[in-house]
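Please open the model in a viewer and follow the selections below in order.

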Amino acid sequence: MKLQDYKEREIPGWHEPNVTTKQILRNEKGKIIGAYFPEITPNIKFLIDYIIDGGKYQKKSLIPHVYGDRQLESIFFGGLRTDGSIGRHCAMIAAYHKEKDNHAMLSAISLLSDLGVEFASRENDLKPLFEKMKLQQKLKCNADVCISDHYTSGSINFNGLLGLHFDTASLPDVYNVIFWRVKGEGGHLIIPQHGLVIESKSYSMALLNVRENMHGVTAFKGESRDSIVFYGVNGME
């Protein structure tokens with residue numbers, strides 16, 4: 001199937017990446033929709049390994065998902081949205097934070113978020129985006145449930161193979177940070193409305209505005225496709 005023919009909720013097939021080198025991604029009007037960094041720093045690589053390897057042993061924290069015929073498991077951290085239907089009147093912190101054994105991991109997660117923002121902010125075009133995000137989060141998020149100055153929440157995803165979707169719960173103009181570790185082929189980040197397939201290379205990093213841009217994961221074959229994702233969620237007041 002051609003990229004432009006995909007619709008929301010569909011599961012993408014096999015597509016080779018066309019974004020494999022460092023670049024800032026823009027739409028047809030010139031607005032930045034994301035960026036890709038195939039090479040990151042050794043300390044960021046160390047944290048990725050520490051977080052993904054540590055998460056695999058937290059069995060009681062893993063939450064299973066099914067998307068079509070795809071199965072995955074995630075650990076959620078940071079804030080959870082308010083939901084009046086179950087009596088939540090203020091933002092909640094993810095259950096993962098309640099276990100003392102997870103505190104070192106949470107410190108690493110927070111540090112990885114900060115380092116990712118610092119790394120991306122070296123690009124002059126991206127730095128103002130993060131300043132805007134930081135200001136917005138101060139206005140929109142209760143500091144007790146946010147994991148950093150820029151992100152309310154996040155997840156560690158094991159075999160994270162999602163169909164095409166928009167993250168409508170995300171704050172406007174927030175750029176998710178995504179890190180990968182992959183043993184296999186495929187499983188690339190696809191943005192069909194812009195004809196983009198971003199390589200999910202191990203230890204690479206991507207930014208993406210997930211609220212405005214439909215995205216998902218292409219077909220994958222191999223042992224594992226794990227990721228660490230940071231995002232900003234609305235409804236955290």
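Begin with strand E2, residues 32-37: six of its six residues are buried, so the strand is largely enclosed by the rest of the structure. Buried here means under 20% relative accessible area with a 1.4 Å probe, protein chains only. Helices (H or I, at least four residues) and strands (E, at least two) are DSSP runs, numbered from the N terminus.

The model is predicted: local features need pLDDT of at least 70, side-chain atom pairs count only at pLDDT 80 or more, and totals for chains, interfaces and linings use all residues. Residues are numbered from 1 along each chain as its sequence is written, and side-chain values use heavy atoms, with hydrogens and water left out.

Select Ile24 to find its bridge partner in E2, Ala35. Five residues lie between E1 and E2 in this hairpin, and Gly30 in the turn has a positive phi of about 90 degrees.

Now display strand E10, residues 205-208, which runs antiparallel to E2 and is joined to it by four bridges. Here Phe37 has Met205 of E10 as its bridge partner.

Finally, select helices H1 (residues 42-55) and H2 (residues 103-120), which pack at an angle of about 145 degrees with their axes 10 Å apart. Axes are lines fitted to C-alpha atoms over the stretch in contact, and angles run from 0 to 180 degrees between N-to-C directions. The contact (heavy atoms within 4.5 Å) includes Leu47 and Ile51 of H1 and Ala108 and Leu112 of H2.

Conventions:
Buried < 20%, exposed > 50% of the residue type's maximum accessible area, 1.4 Å probe, protein only. Pairing = 2+ DSSP bridges.
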